[in-house]
Amino acid sequence: AITMVDGTVLNAGSGTITLVGDGVALGQLVSTNASSSAVSINANAGAVSDVNVAALNVNAAAGRLTITNATNVGSGNALETAVNELDVNSTSGNIQIAESDAVGVVRLATTLGNIDLATSNGTITVLGTGAGVSTTGAGTVSLDANGATADLAVNALVSSVNGQITLAADREVSFATGTMVQSTAGALSVTADADASAAGTGGAI
């Protein structure tokens with residue numbers, strides 16, 4: 001396992017960061033790298049958790065955060081990120097991420113767990129070139145774009161089997177032509193103008 005204590009910072013400058021361990025407890029990772037491999041974490045069937053009290057866990061504003069082979073990502077204490085793109089594959093358990101600004105979702109996927117992504121001040125774009133957002137069983141999905149100009153753009157599949165799917169934005173929620181949002185037995189909630197500011201095109205979907 002890799003265990004960073006509160007306050008520990010790994011700063012790669014413009015280089016990439018790769019962590020491989022049987023579970024990873026994150027302090028802070030910093031990189032200005034703008035590639036799809038800016039920050040990569042392979043948890044080898046362990047959890048990826050937040051041990052930083054105040055600071056971001058991953059600060060790679062121009063690059064992608066990739067997490068693979070995890071069982072729980074930020075479960076119970078959301079990972080705090082400032083990244084350009086997210087690609088997170090948890091073999092089981094929850095995925096909870098608090099992103100500081102706008103972010104593109106390449107993939108958020110888990111089995112029998114809940115997925116919760118929220119921005120503090122920025123748009124969430126589920127990228128049409130990615131694999132979308134998916135969970136199984138009673139796992140729920142929540143995508144929440146906060147901020148006066150924050151939209152939620154769904155351009156790829158968002159799915160559960162029996163869990164609720166909640167999509168919200170403080171401005172607009174949009175769906176690309178042919179995009180599917182699907183839960184076989186769970187409820188679906190879509191809220192535009194979630195902050196009741198009447199921003200966007202009438203705050204409409």
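## Salt bridges in a predicted model

Arg171 and Asp151 form a salt bridge, with their closest N and O atoms 2.8 Å apart. The two partners sit in distant parts of the chain, 20 residues apart: Arg171 is in the loop between β16 (165-169) and β17 (173-175), and Asp151 is in the loop between β13 (141-145) and β14 (152-154). Arg171 is partly exposed at 26% relative accessibility, while Asp151 is buried at 17%.

This is a predicted model, in which local features need pLDDT of at least 70 and side-chain atom pairs count only at pLDDT 80 or more, while totals for chains, interfaces and linings use all residues. Residues are numbered from 1 along each chain as its sequence is written, and side-chain values use heavy atoms, leaving out hydrogens and water.

A salt bridge has a side-chain nitrogen of Lys or Arg within 4 Å of a carboxyl oxygen of Asp or Glu. Buried means under 20% relative accessible area, exposed over 50%, and partly exposed in between (1.4 Å probe, protein chains only). Strands are DSSP runs (E, at least two residues), numbered from the N terminus.

| Pair | Closest N and O atoms |
|---|---|
| Arg171 and Asp151 | 2.8 Å |
| Arg64 and Glu85 | 2.8 Å |
| Arg107 and Asp87 | 2.8 Å |

Arg107 belongs to strand β9 (residues 103-109) and Asp87 to strand β8, so their pairing ties together parts that are 20 residues apart in sequence. Arg107 is partly exposed, at 25% relative accessible area, whereas Asp87 is buried at 10%.

Notes. Helix = DSSP H or I, 4+ residues; strand = E, 2+ residues; numbered from the N terminus.
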